[in-house]
Amino acid sequence: MQLATLSLDGTTSAAHRTDAGWVLLPGFADVRAVLEDPRGPHAVVEAVSAGTVEGAGSGEGASAAVVPESEARLVRPVREPRKVFCIGLNYRNHILEVGMELPTYPTVFTKFARSLAEPGADILAPAEDERLDYEGELVLVIGKEGRRIPAEQALDHVAGYTVGNDFSMRGYQLRTEEWGQGKMWEASSAVGPVVVTTDEFDPAGATLTTRVNGEVRQQDSTGDLVFGPADLVSYLSTIITLEPGDLVFTGTPGGVGMATQTWLEAGDEVTVEIDGIGAITNRLI
C-alpha cells in the first residue's frame, strides 16, 4: 500500500493510492495521523472503503473523495515528525571512498522538522557555505511506539519506507567532529513522495539512484547497508522511545560530491529515486 499527504487548497489530507487515483482519508491530516490510529493503516484504509472511517475531526460514515493522479500535489508524508534520526557512514562503498573503517556502532545525528523540505521544492543554496552536497537515502517511517525493541521484533515497528536527500553543507559539517551543524539547515532535506508499507517493499535489494542534472552520481543496492532497518530500530529505541511518524534516514551510498570535491551550485537539479517507492526532485536556487 502507498500512503501520501496531499495539499488541498490550504489544508492537507492523508490518502492512499488506487488505480483510480488518490483516495483521501477523511479526518487524517497527514500520514503520521494515520499511523497514530491504533487500528493501523491497513484497517484505516479498509474503514474508508467500507464508509465507516472515524478519523480525528471526522464523523462516522465520512465520505472519501478521489483525487486523480494528474491533479494530486504530494507534499512531505509526515508534516511534523517528533524525531528525525540520521545514520552516517552506513554503506560499505561510501565508507571505503572516504577512507574510513567499517563502524562497530551506528553513527547517529539528528535533524529537526524545520530541516525538511517538500519532495519537489526549490532549495535555497545558502551564501554561508559553498560546499553543498547531496546524499540520496532510504528513509524508515516508524509506525508503532516502542522502547528497547529486540532486533527480531524491530520491523514490526516500521510502517514503511520513503525517499530522502540528506542535503549537506559540508563546510559547516566539517568545522567540528560533530556533524549536526552541516546537516540540519532549514528547509533543505527533502522527503517523499510516498510511504510504501512494509508488505510491499523489500529494503534488502532495491536500487537507489541519485542524479544531478540527469547524470548518475550514486547507484547502489539498499542491501549494502552495514546496519539494516532492524538493527537501526533496535539501536535507536534503546536510547529513546520511538513514536509513529518518526523518520530514520539510513545513510547514503558511495558517489557523494565530497569524495571528488564536486559541489552543487545554484541551478542544479537533484533527483533521488528508489525502485518500488518513487523519486524526489529538487532544484537549488
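Mentor: Let us take the hairpin formed by strands E18 and E19, in which three residues lie between the two strands. In this turn, Gly-276 has a positive phi of about 90°. Strands here are DSSP runs of type E with at least two residues, helices are runs of H or I with at least four, and both are numbered from the N terminus. The model is predicted: local features need pLDDT of at least 70, side-chain atom pairs count only at pLDDT 80 or more, and totals for chains, interfaces and linings use all residues. Residues are numbered from 1 along each chain as its sequence is written, and side-chain values use heavy atoms, with hydrogens and water left out.

Strand E18 covers residues 269–274 and pairs with E19 in the antiparallel sense over six bridges; two strands count as paired if DSSP finds at least two bridges between them. Within this pairing, Val-270 stands opposite Asn-282 of E19.

Strand E19, residues 278–284, also runs parallel to strand E9, residues 122–123, and two bridges join them. Asp-122 has Arg-283 as its bridge partner in E19, while Ile-123 is partnered by Leu-284. Strands of a sheet pair through backbone hydrogen bonds, either parallel or antiparallel.

As for the whole protein, its secondary structure comes to seven helices and 19 strands. The C-alpha trace spans about 60 × 45 × 30 Å along its principal axes. Buried residues make up 54% of the 285, where buried means under 20% relative accessible area, exposed over 50%, and partly exposed in between (1.4 Å probe, protein chains only). Contacts are heavy atoms within 4.5 Å; among those between residues at least 6 apart in sequence, 73% join residues at least 24 apart.

Finally, Tyr-105 lies in the loop between helix H3 (92–97) and strand E7 (107–111). Tyr-105 is classed as exposed because its relative accessible area is 57%.
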